[in-house]
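Here is a walk through one protein model, written for someone who likes to know how each number was defined. Keep the viewer open and follow along.

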Amino acid sequence: MITTKMKNLSLINVLVILIVMVVPLLEMDQTAYANTSSSSQATVIAPNLNVREASDISSKIIGLVHQGDTFEVIQTRNNWDQIKLSSNQTGWVYNAYIKKVKKSAENIKATEDNALNIRENPGYSSQVASNLKLETILTDQDSQGPLEGKTIVLDPGHGGMDDGTTSIFGTPEKTLNLATATVVKKRLENAGANVIMTRTNDTYVSLQQRADFSNNNHADAFISFHYNWSNDPSVNGLTDFYYQKSKDNALASNILNEVAKTTRLTNIGTRFNDLNVLRSNSQPSTLIELGFLSNKQDDSVVESTTYLDNVAQGVYLGLLDYFNQE
Ligand SMILES: [Zn+2]
């Protein structure tokens with residue numbers, strides 16, 4: 001037993017020595033690069049992360065980075081960071097997926113000691129094909145989106161003759177609901193989901209018809225988007241609803257928790273509600289109220305340019321949490 005242990009230990013020692021010797025050679029341009037940068041660095045924490053042309057969820061995808069990749073952050077705008085891919089290429093990433101690291105020799109060393117990036121072509125800018133670690137080899141060649149194979153029905157509340165409520169700024173709820181679902185749709189499609197909308201323009205759709213979209217398409221999740229209103233102007237925050245606890249509650253609470261994080265509005269909790277669109281729905285379903293249009297603070301956030309991106313990211317992360325728990 002002792003002999004075997006000793007052998008294992010010496011094998012590990014050899015591997016450590018090899019990696020310590022090889023990593024600086026292979027990653028030399030990364031190290032040199034890191035040392036010359038003056039701004040902060042960030043490490044990708046998602047398996048795959050899209051790099052976009054602009055700080056916008058609907059902006060063109062210009063590249064893909066991978067878990068463990070470290071980049072210089074040039075600037076931060078709202079929830080987006082502009083990163084340097086190579087000396088002459090930059091792009092924007094949603095910063096919920098990256099971890100800022102304080103640039104120090106210790107951090108750089110730790111990154112390099114833990115894993116050896118195997119790239120498709122020579123050079124730091126090439127895609128990472130896999131990560132060689134001491135104890136395991138992780139392949140990173142799955143380019144499928146994390147929501148691949150999932151059918152998501154998005155339901156922009158109200159429409160046509162039914163305005164829903166109206167914001168302090170005079171925007172009908174039905175318009176905000178449609179804008180929200182449209183931005184969420186793009187985000188989920190980028191993650192590989194099959195997304196179906198119950199309406200794509202300003203038309204009236206009955207509650208039963210909305211539920212039928214979900215039932216007939218065997219949706220993996222149905223999400224109805226609404227904005228709230230109260231006679232009390234001080235009432236604010238986010239809430240969502242389930243009808244059948246065993247079927248709907250996990251979906252509802254995962255989505256609300258993530259949306260509350262990405263939007264930073266008050267989380268007032270997931271609750272039961274006997275809503276037709278949920279009651280008639282045989283699939284996991286929720287209705288989310290994305291802030292009070294009767295509250296000055298909520299309304300100014302809700303109608304700001306970045307809000308829908310934040311909602312979309314929250315819904316996406318909530319769905320990931322939900323499907324990972326299933
Ligand atoms: Zn509504």
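First, the ground rules. This is a predicted model, where local features need pLDDT of at least 70 and side-chain atom pairs count only at pLDDT 80 or more, while totals for chains, interfaces and linings use all residues. Residue numbers start from 1 along each chain as its sequence is written.

The protein has 9 helices and 16 strands. These are DSSP runs numbered from the N terminus, with helices being H or I over at least four residues and strands being E over at least two. Of the 326 residues, 39% are buried. A residue is called buried if 20 or more other C-beta atoms lie within 10 Å of its own, exposed if 12 or fewer do, and partly exposed in between, with C-beta atoms placed from the backbone. As for how the chain meets itself, take the contacts between residues at least 6 apart in sequence: 69% of them join residues at least 24 apart. Here a contact means that two C-beta atoms, again placed from the backbone, lie within 7 Å.

Now to α9, residues 307-325. This helix has 19 residues and spans 27 Å from its first C-alpha to its last, close to the 27 Å expected at 1.5 Å a residue. The expected span is 1.5 Å times one less than the number of residues. Since 14 of the 19 residues of α9 are buried, the helix is largely enclosed by the rest of the structure.

One of the partners of α9 is α6, residues 245-263. Helix α6 also has 19 residues and reaches 25 Å end to end, C-alpha to C-alpha, close to the expected 27 Å. The two helices pack at an angle of about 140°, with their axes 7 Å apart. Axes are lines fitted to C-alpha atoms, for helices over the stretch in contact, and angles run from 0 to 180 degrees between N-to-C directions. The crossing of α6 and α9 is right-handed, the label used if the near helix is turned clockwise from the far one by less than a right angle, with anticlockwise being left-handed. Residues on the α6 side include Leu 251, Ile 255 and Val 259, and on the α9 side they include Val 311, Val 315 and Tyr 322. By class, this contact has 9 nonpolar, 9 polar and 3 charged residues. In that count Ala, Val, Leu, Ile, Met, Phe, Trp, Tyr, Cys and Pro are nonpolar, Asp, Glu, Lys and Arg are charged, and the others, Gly among them, are polar.

What else covers the buried residues of α6? The cover includes β13 (221-228), β14 (238-242), β15 (267-272), α7 (276-279) and β16 (285-292), along with α9. Asn 254 sits in α6 and counts as buried because it has 24 C-beta neighbours inside 10 Å. Leaving out residues up to four places away in sequence, Asn 254 touches Gly 318, Asp 321 and Tyr 322. Asn 254 and Leu 320 are 66 residues apart in sequence, yet 8.8 Å apart in space, C-alpha to C-alpha.

On to α4 (residues 173-190), which packs against α9 at about 50°, with the axes 9 Å apart. The pair is therefore oblique, given that angles under 35 degrees count as roughly parallel, over 145 as roughly antiparallel, 65 to 115 as roughly perpendicular and the rest as oblique. This crossing of α4 and α9 is right-handed. Its residues divide into 9 nonpolar, 2 polar and 2 charged.

Two loop residues deserve a click. Arg 264 lies in the loop between α6 and β15, and its phi is near 60°, a positive value in a residue other than glycine. With 11 C-beta neighbours inside 10 Å, Arg 264 counts as exposed. His 218, in the loop between α5 (207-216) and β13, has a positive phi near 50°. His 218 is exposed, with 10 other C-beta atoms within 10 Å.

Finally, look at Ile 98 in strand β7 (residues 98-101). Ile 98 is buried, with 22 other C-beta atoms within 10 Å. Beyond its neighbours within four places in sequence, its contacts are Ala 42, Thr 43, Val 44, Ile 45, Asp 81 and Val 93.
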